[in-house]
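Here are my notes for you, in numbered points. Have the structure open as you read, and find each residue as it comes up.

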Amino acid sequence: MLKEMQFWKLLSISVLLAKSTFIFSQYSFNYDMENPQKTIELPESLKEISGISLCETQDFIWAVQDEQGVIFKIEIETGQLVDSLPFWKKGDYEGIEIVKDKMYVLKSSGTIYEVELAGEDSLKIQKFNGHLSKEDDAEGLGYDAQKKELLIACKNGENGERRVYTFDVETDSLSKEPRFVITREEAISYLEAHPKLRKWKKLLKKFNDDKLDFAPSAVAVHPLTQDIYILSSQGKTLVILQSGGTIAHIEKLEKEVHPQPEGICFDQKGNLYISNEGKKKEDMGKIYRFEIGKEK
């Protein structure tokens with residue numbers, strides 16, 4: 001009888017511990033994605049804006065758009081186009097990342113362009129090709145400063161997987177294997193364990209489709225938590241991974257605010273910036289700033 005009582009006591013303690021672990025493991029998403037604290041209206045030349053990255057001084061945003069081989073410099077407070085740097089011929093350019101004194105631009109074919117100012121009116125450009133191709137449809141480019149690696153997020157992958165590869169900026173080499181892999185099964189498992197997520201039913205329905213309704217369009221590393229933020233214009237979804245690759249949070253974005261989210265980056269304080277293409281003919285491109293700690 002005593003052994004039976006001890007068993008049930010231990011079992012009840014285990015249940016309490018499990019519940020406590022679940023409570024404390026809930027992710028704190030500190031942004032109100034429906035109400036940006038700042039909206040930056042962009043000129044006509046950036047209607048098709050894709051990738052964005054903040055400069056070191058944090059007062060300018062560098063951007064690319066998916067039709068021209070041009071890098072654009074935008075003043076954050078006014079949205080004024082300060083400069084434009086043609087670096088290559090026309091093409092589908094999807095991501096940009098600033099690493100010290102160099103700019104890296106990603107083409108959807110997986111090609112990476114390293115752009116460096118070589119003087120007032122000249123650029124030094126290196127081009128890197130790896131094993132990625134148009135079929136992978138590389139769209140997201142971010143930078144992990146701790147590992148000194150660019151992150152390359154692809155829209156397509158074998159067996160419906162969504163993969164993130166790395167590019168070592170010191171050796172100029174692309175990883176053969178992905179650093180992160182997101183599967184439909186993993187997303188569904190996470191959602192089933194977190195039924196209190198906002199728009200939970202819509203998210204579950206989205207990932208329960210035969211085809212994974214999530215195709216990365218941008219990626220960035222949070223400067224304070226080191227979590228990986230992966231944005232998908234398709235399905236208007238934001239998936240957050242812990243540094244080890246497990247899903248920490250999934251956020252459904254509202255299409256009224258985010259008609260076509262294509263770029264993502266952070267400032268040093270952890271404020272979040274997302275760029276949206278102008279979806280309708282009369283719409284202009286926009287960059288939104290969401291301040292950390294402004295969760296709804």
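**Notes on the model**

1. Let's start with the cysteines: a search of the whole structure turns up zero disulfides, a disulfide being a pair of cysteine sulfur atoms within 2.5 Å. Cys-55 is in none, and the nearest cysteine sulfur, that of Cys-265, is 10 Å away. Cys-55 is buried, with a relative accessible area of 9%, and Cys-265 counts as buried too, at 6%. Here buried means under 20% relative accessible area, exposed over 50%, and partly exposed in between (1.4 Å probe, protein chains only).

2. A word on what you're looking at. This is a predicted model, in which local features need pLDDT of at least 70 and side-chain atom pairs count only at pLDDT 80 or more, while totals for chains, interfaces and linings use all residues. Residues are numbered from 1 along each chain as its sequence is written, and side-chain values use heavy atoms, with hydrogens and water left out.

3. Now the inside. A nonpolar core is a set of buried Ala, Val, Leu, Ile, Met, Phe, Trp, Tyr and Cys residues joined through side-chain atoms within 4.5 Å. The largest one has 23 residues, and those touching the most other members are Leu-191, Phe-207, Ile-228, Ile-230, Val-239, Leu-241 and Ile-250. Elements giving two or more residues to this core include helix H2 (184–193), helix H3 (200–208) and strand E16 (228–234). H2 gives the most, with four residues. Helices (H or I, at least four residues) and strands (E, at least two) are DSSP runs, numbered from the N terminus. Another core, of 18 residues, lies apart from the largest one; among its members are Phe-29, Tyr-31, Leu-231 and Ala-248.

4. Which residues does Ile-230 contact, leaving aside neighbours within four places in sequence? Among them are Val-164, Ile-182, Phe-214, Val-239 and Leu-241. Contact means heavy atoms within 4.5 Å.

5. Have a look at H3 on its own. Its buried residues are Leu-203, Leu-204, Lys-206 and Phe-207. They cover an arc of only 160 degrees around the axis, which puts them on the same side of H3; the arc is that of the directions from the helix axis to the C-beta atoms. The face turned away from that side carries the exposed Lys-201, Lys-202 and Lys-205. Covering the buried residues are, among others, H2, E17 and E18.

6. On to the rings: the structure holds 10 aromatic pairs. Rings of Phe, Tyr and Trp (its six-membered ring) pair if their centres lie within 6.5 Å; planes under 30 degrees apart count as stacked, over 60 as edge-to-face and the rest as tilted. Tyr-31 and Tyr-229 have ring centres 6.5 Å apart and planes at 90 degrees, so this pair is edge-to-face. The two are 198 residues apart, with Tyr-31 in the loop between helix H1 (2–24) and strand E1 (38–41) and Tyr-229 in E16. Both Tyr-31 and Tyr-229 are buried. Together with Phe-29 and Phe-266, they form one aromatic cluster.

7. Phe-87 and Tyr-113 are another edge-to-face pair, at 5.7 Å centre to centre and 70 degrees between the planes. Phe-87 is buried, as is Tyr-113.

8. Finally, find Lys-73, which lies over the face of Phe-60, 4.4 Å from the ring centre. A charge sits over a ring if NZ of Lys or CZ of Arg is within 6 Å of the ring centre and within 35 degrees of the ring normal.
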